[in-house]
Amino acid sequence: MRGRLPWRAARLREVRVETATARTLVFEVPGWPGHLAGQHVDVRLTADDGYTAQRSYSLAAPPDGELVALTVETVPDGEVSPYLTEVMEPGDQVEIRGPVGGWFVWRPADKAPVLLVGGGSGIVPLMAMIRERRRTGSRAPFRLVYSLRDPESRYYAEELRRPDPGLDVAYLYTRAAPDGASRPAGRVTLGDLAEGGWPAGFEADCYVCGPTGFVEAAADLLLTLGHAPERIRTERFGPTGG
Ligand SMILES: Cc1cc2nc3c(=O)[nH]c(=O)nc-3n(C[C@H](O)[C@H](O)[C@H](O)COP(=O)(O)OP(=O)(O)OC[C@H]3O[C@@H](n4cnc5c(N)ncnc54)[C@H](O)[C@@H]3O)c2cc1C
């Protein structure tokens, strides 16, 4: 399926600073077929000598014509991410293939309550779902539990601060909590997901995304809380490439 998707030229239109190490890159991709919130793309870089490198990145925003928005965290010594976040300038070009993925998606026709659990850059496809909910005027109630190192690491901080009726946001800090925070810094616990999520009886659709260890821990906690396995969808941001 993926192999049949064409590579399309993607020209960088805009760069937005999310944190000291993360950038949102908005590309213009002529012929882009549209996508669903939660899907991802492959990005391919080609050097002057023909060497190529490709990585997967989640779509950060709902469909918007030919625009494709990604949010990329700089992995120190990484091959692709530092190029995208530190070197590329508006007007520069890469190739993009997609959209990819049909399971880790949220559709506005879905009416069930939604629990989003994101670790670090795992917030990216969850933010596409939040934005899609707002764009389409969906009344599905959403709860976001966002685990990250410290307040400076928050992506989309301004946007998530704005009132969005029916969306509740809980931040879990793993390294440093802000002064006066009621929860000490630490990894996600059963109590965090019981408090920030939905009771299992509400039959919420759960979307968990982040580094592999985070996803496995959070999905196990959701099972322990009684959420049905078929309602827990996961996306692991492990190393990609090839
Ligand atoms: C479906 C999917 C969606 C993804 N979406 C996003 C996204 O929206 N935003 C985003 O920033 N990243 C995302 N990733 C991760 C991304 O594909 C790359 O793995 C990441 O950007 C690192 O690539 P690199 O070439 O810079 O590093 P590499 O050269 O591939 O790796 C350099 C070093 O860093 C380690 N490493 C690689 N990737 C990671 C990682 N994710 N976490 C920790 N260490 C790592 C490697 O093991 C290696 O030691 C996604 C991954 C998947 C599978």
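A: The model is predicted. Start with Ser56. A backbone N or O atom of Ser56 lies 2.6 Å from an oxygen atom of the ligand. Ser81 uses its side chain instead. A polar atom of that side chain lies 2.5 Å from an oxygen atom of the ligand. Taken alone, the ligand exposes 900 Å², and the protein buries 74% of that.

Now widen the view. The ligand is surrounded by 21 residues. The closest are Arg55, Ser56, Tyr57, Ser81 and Thr240. The space that the ligand takes is the largest pocket. Which elements give two or more residues to this shell? They are E4, E5, helix H1 (81–87) and strand E11 (232–236). E4 gives the most, with 4 residues.

E4 and E5 belong to an open sheet of 6 strands. Its order is E4-E3-E6-E1-E2-E5, and the pairing is antiparallel. Strand E4 (52–58) and strand E5 (67–73) stand at the edges. Each has a single partner strand, so one side of each is left without a neighbour in the sheet. Neighbouring strands here are turned by 40° against each other on average, direction ignored.

Look inside this sheet for a moment. Strand E3 (residues 40–46) pairs with strand E6 (residues 93–100) in the antiparallel sense, over 4 bridges. Arg44 stands opposite Glu95 in E6. As a rule, strands of a sheet pair through backbone hydrogen bonds, either parallel or antiparallel.

E11 sits in the other sheet to visit. This open sheet has 5 strands in the order E9-E8-E7-E10-E11, with parallel pairing. Strand E9 (167–173) and E11 stand at its edges. Each of these has a single partner strand, so one side of each lacks a neighbour in the sheet. The twist averages 10° from one strand to the next. Strand E10 (residues 205–210) runs parallel to E11, and 5 bridges join them. Within that pairing, Gly210 has Arg236 in E11 as its bridge partner.

E4, E5 and E11 each give two or more residues to its shell. E4 and E5 stand at the edges of the antiparallel sheet, and E11 stands at an edge of the parallel one. Helix H1 (81–87) also gives two or more residues to the shell.

Key: Residues numbered from 1 in each chain as written. Predicted model: local features only at pLDDT ≥ 70, side-chain atom pairs only at ≥ 80, totals over all residues. Heavy atoms only, no water. Pairing = 2+ DSSP bridges. Axes fitted to C-alpha atoms, helices over the stretch in contact; angles between N-to-C directions. Near = heavy atom within 4 Å. Polar contact = N/O pair within 3.5 Å; in protein donor to acceptor, adjacent residues only side chain to side chain. Areas by Shrake-Rupley, 256 points an atom, 1.4 Å probe, with all protein chains shown as cover. 1 Å grid on protein atoms, 1.4 Å probe; cavity = no way out; pocket = protein on both sides within 12 Å on 5 of 7 lines; lining within 4 Å. Sits in = over half its atoms within 2 Å of the grid points.
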